[in-house]
Structures are given as C-alpha cells and as structure tokens.
Amino acid sequence: MDVDLIQVVNKLQETFTAIGGDSVDLPQIVVVGSQSAGKSSVLETIVGRDFLPRGSGIITRRPLVLQLIHTPSAKDQAKQSLKPSPRSYDLSDDHAPDMSRGGSNGSSLGGGRTNTYEEYGEFLHLDKRFTDFNEIRREIENETFRVAGQNKGVSKLPIHLKIYSPNVLNLTLVDLPGLTKIPVGDQPSDIERQIRNLVTDYVSKPNCIILAVSPANVDLANSDSLKLARTVDPQGRRTVGVLTKLDLMDQGTHALDILTGRVYPLKLGFIGVVNRSQQDINGNVSMLAARRAEEEFFRSHAAYKNIAHRCGTKYLAKTLNQVLMSHIRDKLPDMKARLNTLMGQTQQELAAFGDTTFLGDQHRGSLVLKLMTQFARDFVASIDGTTFDISTKELCGGARIYYIFQDVFGHALTSINPTHNLTVQDIRTAIRNSTGPRPSLFVPEAAFELLIKPQIKLLEPPSLRCVELVYEELMKICHNCTSSELQRFPRLHAQLIEVVSELLRERLGPTSEYVQSLIAIQAAYINTNHPAFVHDSANIAREQREAQARKQVAILPSSSRRKGSFDDQGDVSNDLSDDDADNSGNSRSLTVNGVGKTGGARDKKERAASTGDGRPHSASAPDGRGHHTIGHASAGGYANGANAAGGAKDTFLNYFFGGASGLPVGGVGPSSGLGGYHTPAPHAHSPRLPEYSTSREHKPNAMSGRTGLEGNSAAYDMKSLDKHLEATPISSAEYALSDREELETTLIRSLIASYFSIVRLSIQDLVPKAIMHLLVNFSRESVQNRLVASLYKETLFEELLYEDEGLTSERKRVKQLLDAYREAFNTLSEVTFKPAGSA
Ligand SMILES: Nc1nc2c(ncn2[C@@H]2O[C@H](COP(=O)(O)OP(=O)(O)OP(=O)(O)O)[C@@H](O)[C@H]2O)c(=O)[nH]1
C-alpha cells in the first residue's frame, strides 16, 4: 500500500489528543488482561525494548497509549536519500520493518543494541526526546504517580508515548491496568469496578481491536480478558486472543486446541507467545535472546511445531499490524463520514466567532464599522420585530413596547379613579370657595375646573412611567443586541451599548417633558365644549333633572313646575342657534350644551315671555365674562366681580340647577328663576367664535356670545334666588349635605368622571405617539449615525478591538480542530482514491 494507514491514524490520534478532542473514534489496539497476565511483557516484546515499569501488585495505573512509529534505519535512510522524499505519512509497507529482516540482522526487538540514535521515545506531556529506555520507564512511573497518586489508585487520563524505531511496525497500542478482583494494600474498595469501567471505556469503542491476553497456565474458562471482550464484542470480530506463559503450562499439557481456534471462537484467532519469565528479567536476559528462545520454543515444541510460523511475538506484531490496517481500511468510510460531519459542525462553530476576512490591522476600521452597523441593525430589527431569532416563548423587542402601551399603560390609565381623592367635602368646599363671597345658588363652573385639574394630573405618573418603561425596554433591546462575533470584542460591545444608552438617556428627558406637557396642556384648558363631554353631560343632566323632577313632584304643586323643564329634554335637535344666546351660562361649555339643548329647548318656550317681559339684560362687557353668572347675579356687576377668577366658565353648571329650579333653593319660582337664567341675549349681541359644524356645537358661540343683557337678566332672576339662599342656613350644613349640595356634588362627580375619561382617552392616544416619535423612532433612526460619530475613530480602534482572551483561545482551538479535521479528511480522501490494489 502507498499510504500507511496506521501512520495516518497515528497522526490523527496525536492531533486530536493535542487539541483535546476525542470526537473521532480512531482505530487502536487495546491490551486487556488480568493482573500479571503478561500484558506489559507482550508490549515490550513487540517494541523489543525494556521500558515498562515492573514490580509486584498493580503497576499499570493509567492507560498508556503507545504509538510505535517505524523509522527508517540508517541504512534505509541512505537508500531513501536517493529517492524522492515521500510525504510524511506516505510510508508504504516497504518502509515498515520486516520483522524477519529486522530479526535476522540482529537489530530488531532485541535490547542491548548500540544504534540507539535510531530509537527514541517521546511523551506528549514532555518536550523531550528519550533515548534511554530506562528513563522512559522512570518517566512513566513518575507521570503515573503525578496523576494517579501513590496509593495504587487508577486514573483514566492516558499517558501518550511514541516510540520511534526502525525495528517496530506502525502500531498504536494501549496498555491498560490489569483486571483485578480484590483490593490489595491501600487500594480503594471499588478498585475492581474502577478498572473494569476504565477498560470498558476503551474496549467498547467499535474502532478498538481488543488484544485479550490470557495466561496459558490458567484455564481459559477463567480468562477475565476474554470475558470482558465478549461483553463488547460478542461475535469475536475484533478480538485477538494472546496466550502468554505457554512455557509455564504443566508438563504434558498444551494449548494447541486453543491456538487453532477449536476451543474458543475468535475471528482473528489466538496467538501464543513466550515472554521472559521473572527469572529471565532478573537475570537480565536480553530481548533478543528471549525472542530467540521463544522461536526455539515453538519450533521445537511437539504440539506447536506445525504452527510455529503462526506463533510468537514477531508473528503477533505482524498480525496486529495487518489487523489494524484492514480494520482501519474497513472503517475509512465511517471515519470520513464522521469527519465530514465534524468539519461541518466545527465550521459553523468557527463562523460564529465572526468573519476572518477582517482580521489584521489594515481591516480594523472595516471591522469596527461592520460590527457597529450590525449592532445598529440588530437594534432596529429588534424594535421592528424583524430579527431572525424571534422568540416564541416570550415577548421581545418592539412587541414589548406595544405591550407596554397597550396593556401596561392602558391598564394603568383605566384603573385610575377619576374622582380619586375627591371627597364630598372636597367638592362642597370647592363649590363654596369658587362661589366666593356670593351665596351659593348655582354650581359655578369654576368649581368644576378647580376640581378636574388635579384629577387630570393623576394621568401624569402613569404616563411618565410609560416613558420610563419604554426607555428601559430599549435599554434591554440594546443589551441584547449581541453576536458571538461581537462577544469577541468585549470593549467594543460595551462601548456600543454605552453609546446607545447615552442616546436613549438623552431622549428620555425631552420625551418625559413632552409627555408631562401633554398632561399640563390638558389641565391648562378645560374644554367643556368637547363634543363627547357635551353628550355625556347632557345625559348626566337629564338624569339629574329627572331625579330632581321626581323629587320636586313630591314637594311642589304640579302647577309650580315649570313647563318644559324636564319634558323637553329630547328636543336636542332644536336649532342651537336659537339657544346660543339664551344658554349663555350653560352654553359657555359644550359640555353642558346637551343640557343647554334641553334647557335651550325649554328656554325657547320661555324666552318669548322673558324677553317679552322687557327685563333688563346685563350690560357686562362682551368679553364673555359679564354673563357667566347667569342664574346667579343679582346684578351684572356682582356677577362679573364674583366670577372674575373663574372667568366666564363658572356658570356652566348653573344650567343644571337652573333647569332644576325646583331645587330646594326654594324660592326660585317657575317663571322667574330659570326664566331669568335662561333669558336669551339676542343673537345679534353675541360675538361669535368660529362655529363647529354640528348644530350642537353652536353652543360655544352662544356662550361666548353672552352679553350684559344676559347678565342683567340673570341678575334679575337671581334676586328671588338670593332671597331664598339668604334664608338658607348654610352653616347648619357643615357636616350634612343639603339636598342641593348632594345634587351638586353628585353632578360634579359625574361630570368629572365624564371629562376625565375624555382626557384619559386623549392621553392614552397621545402618550404612545409621543414616545414613539420622540424616543423610539428617534433612537431607531439616529443610532447608526451616533455610533459612527462616537466610535468610528482611528485612535479608538485598538482599544475597541481588544479581544476577549478566553474567546480568542477558544476560537483558536476551534480553528485548530477544524484544520485537523480538514487535514485528516484530505488524508483519508487520498487513501480512498488509491487504486484498490495499491492498498
Ligand atoms: N515464564 C513466563 N513468565 C511470563 C510470561 N509473560 C509474563 N511473564 C511474567 O509474568 C509476570 C507478569 O508479567 P507482566 O508483563 O508484568 O504482566 P502484566 O499483565 O503487565 O501485569 P500488570 O501490568 O501489573 O497488570 C512477570 O514476572 C513476567 O516476567 C511468559 O510468557 N512466560
């Protein structure tokens, strides 16, 4: 054969051992046998040198992986120098020692030769060439002690020893501790199990050839090695039987039947050997002499002389070489397939460490740029939900932002109680305060505003928290943007995170401020004309009025009930321009416009009368203020003064009470009280604001169009009311609410709830938009530029591209592994391509 497979396998074995990988199950011969069966003797005779530790008890306590490497002798080298140099592994059978030749020229297998320069040993754990085989023995002993300790314990960690010699065949042999039964000396009690496990580990590998050593002077039925071999190789396909101590068999007995395979079936057969006895060893009988004696033994033995050519150490070595060779050949396809798989896996593993095209100083800039672009892309992709490795187990990235908006924020907002912290007392106090020194007749709008503002502020904390949560989420996304390539550069990674974090931090302030201002904006102007509020308040008013009406029915004669006070409520489709002036107070706010409508409808009916009465209208300034005390106001001046703080707004609620003229304010007569309140100002007097398109929305105009005339009319109406109010002992109601107060507070509560939910909806809508715009999208869009601006600096490259040492060495290891696999694969490919005959 052209390629020495064993040499190839040896090389692979060495490579894989060096890189710490045993993923390829390489063919090797493993020597097993009970203690003192003669394992070490067999190995030594195969090598032809004394080099294994000797002594009583357990000697071999660590696996010894022994690679025998045939080197050309000086003579061969001289011949070789005339030929083109072969590839390192390209040793053909021609180069393998011819044992007979080696033996006949006196240089093989025997000890005591002088050409030691051709023979030497090397340990994998030591960078040293051993030419003295006694030293090898000592090193084995020391190395055994070092790892397995002094106490006769056993270690799985193998010792690797290579023996280069022109007198050996290329073989890989593993010497293992002998199988024992009983712990001796200070051996652990489970020594038998320990050794058995260790041996089983080796022999159970399908690529292992078992050299089962049994002493011939012990019944084969008691052979531990054969027993163990059978458990892993029941058909005896990869077990070679070795019978030692044939010379020690009882006189008249022989092992011919065993050696010819008639006793125990092994496909690879039994080979008998005679090693040196202890006496020989003690007497320094040389290896050479021992081999000659062995040959002589078989040749002259009556039972064995016919099979002498198939007996002895020399034959054993050759057989093992062939067996190993053909075994390797058989396993080549498997090994190649396995290598192929490993190469793929390792390639992938290596790729995970990043692109190697960017290695080297000249590529540092490109590498930094590439990594930061990748980082920015990951960040954006994570937000957009376009990452490849989207989790199916938990929400991540942008989806979490949506979750924050929708669930967390949404829930936080809806769980706010619009009248949180707003007691009846608070409301009453607010009403009283906002009425100022005036007697409280109608609920001033100022009280509503006073009360709703702090409630609106309740929306601020959850809104700000929402900003924070999204900010935190973006921080998390940024921290999760990593690849194994980036992990190689921990400083760059940290810097990328830092720059993005800084960007996010910068955006946190403006976003929070904006969101804060959204709330402030809502609190800045209470738009009671909001169509939704108008609608709600109409309903609230209706309910209130109905409730009140029911009450009134009970306490007032039916004739005193003002017609239209309650029954006109459905009449909301009235032309609102009709009411706009008359509702001056209530129509000031669209909120109450619904009410206004009802009132307006009602007022229409009453208006003719009241205007017909020719009552003077307030002459207050057309700034919209003069009229707000509609329903109040004994005089326009009073009204204006009293409501200066609340502006024109404070009377919008009066409508309710105006409508409910039958409130226990008592004296408000059906014709005078609310009639006056609703006394319309002529449209012509109303300065108009831009009109809404809906009829309902005309009302703000009506409000803004309030005139002094209205004030006057209010004043007119208020006289009787005031009287009544004066008669009402307010102080007595310090702790108990009067009916009217109860009504007021209930009403204000309802209106607060209504208005609050309108604002809440708006905030719920605007805050996420603001966060997306100011924080998420901004960061998303500027991340790449920011990274480049901050980190793409020649001076920083070195620092940024500092590699993590652990990862670098891991990467190196994987790279070496891949190289080894590749080399091995190529080697094996070449083997296969050789013509069959050449192998
Ligand atoms: N007469 C004779 N003695 C042998 C033969 N083989 C081995 N011995 C002797 O048997 C004893 C044990 O041999 P080893 O080679 O040390 O046995 P081992 O199996 O390696 O022993 P451990 O490594 O301790 O398990 C030694 O004294 C050898 O000299 C043989 O074929 N004939």
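Helices (H or I, at least four residues) are taken here as DSSP runs and numbered from the N terminus. The axes used below are lines fitted to C-alpha atoms over the stretch in contact, and angles run from 0 to 180 degrees between N-to-C directions. The model is predicted, so that local features need pLDDT of at least 70 and side-chain atom pairs count only at pLDDT 80 or more, while totals for chains, interfaces and linings use all residues. Residues are numbered from 1 along each chain as its sequence is written, and side-chain values use heavy atoms, with hydrogens and water left out.

Two packed helices are described by the angle between their axes and the distance between the axes. Helix H12 (residues 364-384) packs against helix H18 (residues 490-524) at about 45 degrees, the axes lying 11 Å apart. H12 and H18 are therefore oblique to each other, since angles under 35 degrees count as roughly parallel, over 145 as roughly antiparallel, 65 to 115 as roughly perpendicular and the rest as oblique. H12 passes H18 in a right-handed crossing (the near helix is turned clockwise from the far one by less than a right angle). On the H12 side, the contact (heavy atoms within 4.5 Å) involves Val368, Leu371, Met372, Phe375 and Phe379, and H18 contributes Leu492, His493, Leu496, Ile497, Val500 and Leu504. These residues comprise 10 nonpolar, 1 polar and no charged, where Ala, Val, Leu, Ile, Met, Phe, Trp, Tyr, Cys and Pro count as nonpolar, Asp, Glu, Lys and Arg as charged, and the others, Gly among them, as polar.

A second pair is formed by helix H15 (residues 445-457) and helix H27 (residues 739-791), whose axes come within 10 Å and cross at roughly 45 degrees. H15 is therefore oblique to H27. The crossing of H15 past H27 is right-handed. Ala447, Phe448, Leu451, Ile452, Gln455 and Ile456 of H15 meet Ile748, Leu751, Ile752, Tyr755, Phe756 and Val759 of H27. By class, this contact has 11 nonpolar, 1 polar and no charged residues.

Helix H13 (residues 398-414) packs on helix H16 (residues 460-480) at about 160 degrees, with axes 10 Å apart. That angle makes H13 roughly antiparallel to H16. The contact residues divide into 13 nonpolar, 2 polar and 3 charged; among them are Arg400 in H13 and Glu473 and Lys476 in H16.

The structure also holds 4 cavities of 30 Å³ or more. A cavity is a set of points on a 1 Å grid over the protein atoms alone where a 1.4 Å probe fits but cannot get out, and its lining residues have an atom within 4 Å of a point. Grid points are joined across faces, edges and corners, and a volume is the space filled by probe spheres set on the points. The largest cavity contains about 80 Å³. Its lining includes Leu52, Pro53, Arg61, Arg62 and Asp175.

Technical notes
On a 1 Å grid over the protein atoms alone, a cavity is a set of points where a 1.4 Å probe fits but cannot get out, and a pocket is an open set with protein on both sides within 12 Å along at least five of seven lines; lining residues have an atom within 4 Å of a point. Helices (H or I, at least four residues) and strands (E, at least two) are DSSP runs, numbered from the N terminus.
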